[in-house]
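I opened this entry to record what I looked up in the model. The notes follow the order in which I went through the residues.

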Amino acid sequence: MTFEIHRLNFGSVFIDESMRLRGIPPGHRIAVPAQGFLLFGAGGPVLVDAGYRDPSVLGAGGEIGRGQGFEEQLAAHGLEPGDLTCVIMTHLHRDHAGHLHRVPMSVPVVVNRSELGGACTGIQGRAYAKDDLLHLIERLYTPGALRFLDLEPGGPGETLFPGITCRLSGGHTPGSIGIVVDTAEGEAYLCGDLFYDVEGALRNQPRDGFVAGVQPTFLVPDDPALSNNFTTSVVQEMRAAKAARRYRFILAAHDDPGVLEGGRYVGRILGDVVPGPVTPAGPDPRGSER
Ligand SMILES: [Zn+2]
């Protein structure tokens, strides 16, 4: 069973550019989209991720423009929140779980149990928004409103519908998941925040963390570069990033979808629909060894 994936934009998030890739010096603020994805196909429509509820939860580090409201983004596809089959969360950070309270309790929200568990320990402070977590606890005590996945390292994935399988990501947060979606042109991997810069991660050489005055070092050309925002270990993050290269499309929450051939990044999709026209990447800066 194949799906067509439509990108939604729930507003901008302002981040330091250094968050996108390790080794980029801090001090340059950029805006990235807080995306969700609608999956259209048998069993759908399914929503993946739900933006942030208000710029205040980002410390004013965001802006929701005209037409970027939750209901508005769904209405642009002829949908109301109650029309969704379910909402799958890659993880529960404040820029992803913000609008779940706008989804009727009759529509289940699908969450990896360890992600909600970790969020509620406060170990990442306000990376998780209190009101978002309170709403999820409300769902927990409302039969049918919450569905847990129990994805653990090395364990099998869980297929929600034919063509939609959830796996533990292994990256970004310990409970983050990746969602593998069959499309007419191969598998898409909705990876949440495993990548902030898909092209940069898969085409730039990996480098160590930024140290003022010290040139980043480049060692292993085959390794992907990592983002600067994860709470897994570096080894776990590397393993997760490498595993993502098996898919045809990589859909990160804050970047354009990347397109891969045989594990190599070959371009991006600038349009709103995946599969869709591909804008080819330039020459591979790593040369021909990849
Ligand atoms: Zn995010």
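Is Cys120 buried, partly exposed or exposed? I find Cys120 partly exposed, because its relative accessible area is 43%; buried means under 20% relative accessible area, exposed over 50%, and partly exposed in between (1.4 Å probe, protein chains only).

Before going further I note the ground rules. This is a predicted model, in which local features need pLDDT of at least 70 and side-chain atom pairs count only at pLDDT 80 or more, while totals for chains, interfaces and linings use all residues. Residues are numbered from 1 along each chain as its sequence is written, and side-chain values use heavy atoms, with hydrogens and water left out.

**Cysteines**

I looked for disulfides, a disulfide being a pair of cysteine sulfur atoms within 2.5 Å. The structure holds zero. Cys86 is in no disulfide, and the nearest cysteine sulfur, that of Cys166, is 8.2 Å away. Cys120 is in no disulfide either; there the nearest cysteine sulfur, again that of Cys166, is 20 Å away. Cys86 counts as buried because its relative accessibility is 4%.

**Zinc site**

Which residues coordinate the zinc ion? I list Asp95 (OD), His96 (NE2), Asp193 (OD) and His254 (NE2), at 2.0 to 2.2 Å. Donors are N, O and S atoms within 2.8 Å of the metal (3.2 Å for Na, K and Ca); water is not among the atoms, so the site may look incomplete. The angles among the four donor atoms run from 85 to 158°, and the site is irregular. For the record, four donors count as tetrahedral if all angles lie between 85 and 135 degrees; four count as square planar and six as octahedral if opposite donors are over 155 degrees apart and all others between 65 and 115; anything else is irregular.

The spacing of the donor residues in sequence is D-H-x96-D-x60-H. Asp95 sits in the loop between strand E5 (86-88) and strand E6 (109-112), and Asp193 in the loop between strand E11 (186-192) and helix H4 (198-203), so the pair ties together parts that are 98 residues apart in sequence. Helices (H or I, at least four residues) and strands (E, at least two) are DSSP runs, numbered from the N terminus. Both Asp95 and Asp193 are buried.

**Asp255**

I found Asp255 in the loop between strand E12 (249-252) and E13. Asp255 is buried, with a relative accessible area of 8%. The side chain of Asp255 reaches the backbone nitrogen of Val198 at 2.8 Å. Contact means heavy atoms within 4.5 Å. Leaving aside neighbours within four places in sequence, the contacts of Asp255 include Arg7, Arg20, Tyr196 and Arg268.

**Open sheet**

What is the order of the eight strands in the open sheet? I read E8-E9-E10-E11-E12-E13-E14-E16, with mixed pairing. E8 and strand E16 (279-280) stand at the edges with a single partner strand each, so one side of each is left without a neighbour in the sheet. Two strands pair if DSSP finds at least two bridges between them.

E8 (residues 158-161) and E9 (residues 164-168) pair in the antiparallel sense over three bridges, and Glu158 stands opposite Cys166 in E9. The two strands form a hairpin with two residues between them, where Gly163 in the turn has a positive phi of about 100°. E13 (residues 258-261) and E14 (residues 264-268) run antiparallel and are joined by four bridges; Val259 has Gly267 in E14 as its bridge partner.

Ile177 lies in strand E10 (residues 177-183) and is buried, with a relative accessible area of 0%. Ile177 and Thr90 are 87 residues apart in sequence but 5.0 Å apart in space, C-alpha to C-alpha. Among the residues that Ile177 touches is Cys166.

Eleven bridges join E1 to strand E2 (residues 29-40), and the two run antiparallel. His6 lies in E1 (residues 4-16), opposite Leu38 in E2. I count His6 as buried because its relative accessibility is 14%. E2 also pairs with strand E3 (residues 46-48) in the antiparallel sense, over three bridges. E2 and E3 form a hairpin with five residues between them, and Gly43 in the turn has a positive phi of about 100°.

Definitions and conventions: A polar contact is a pair of N or O atoms within 3.5 Å; within protein, one must be able to donate a hydrogen and the other to accept it, and residues adjacent in sequence count only if both atoms are side-chain atoms.
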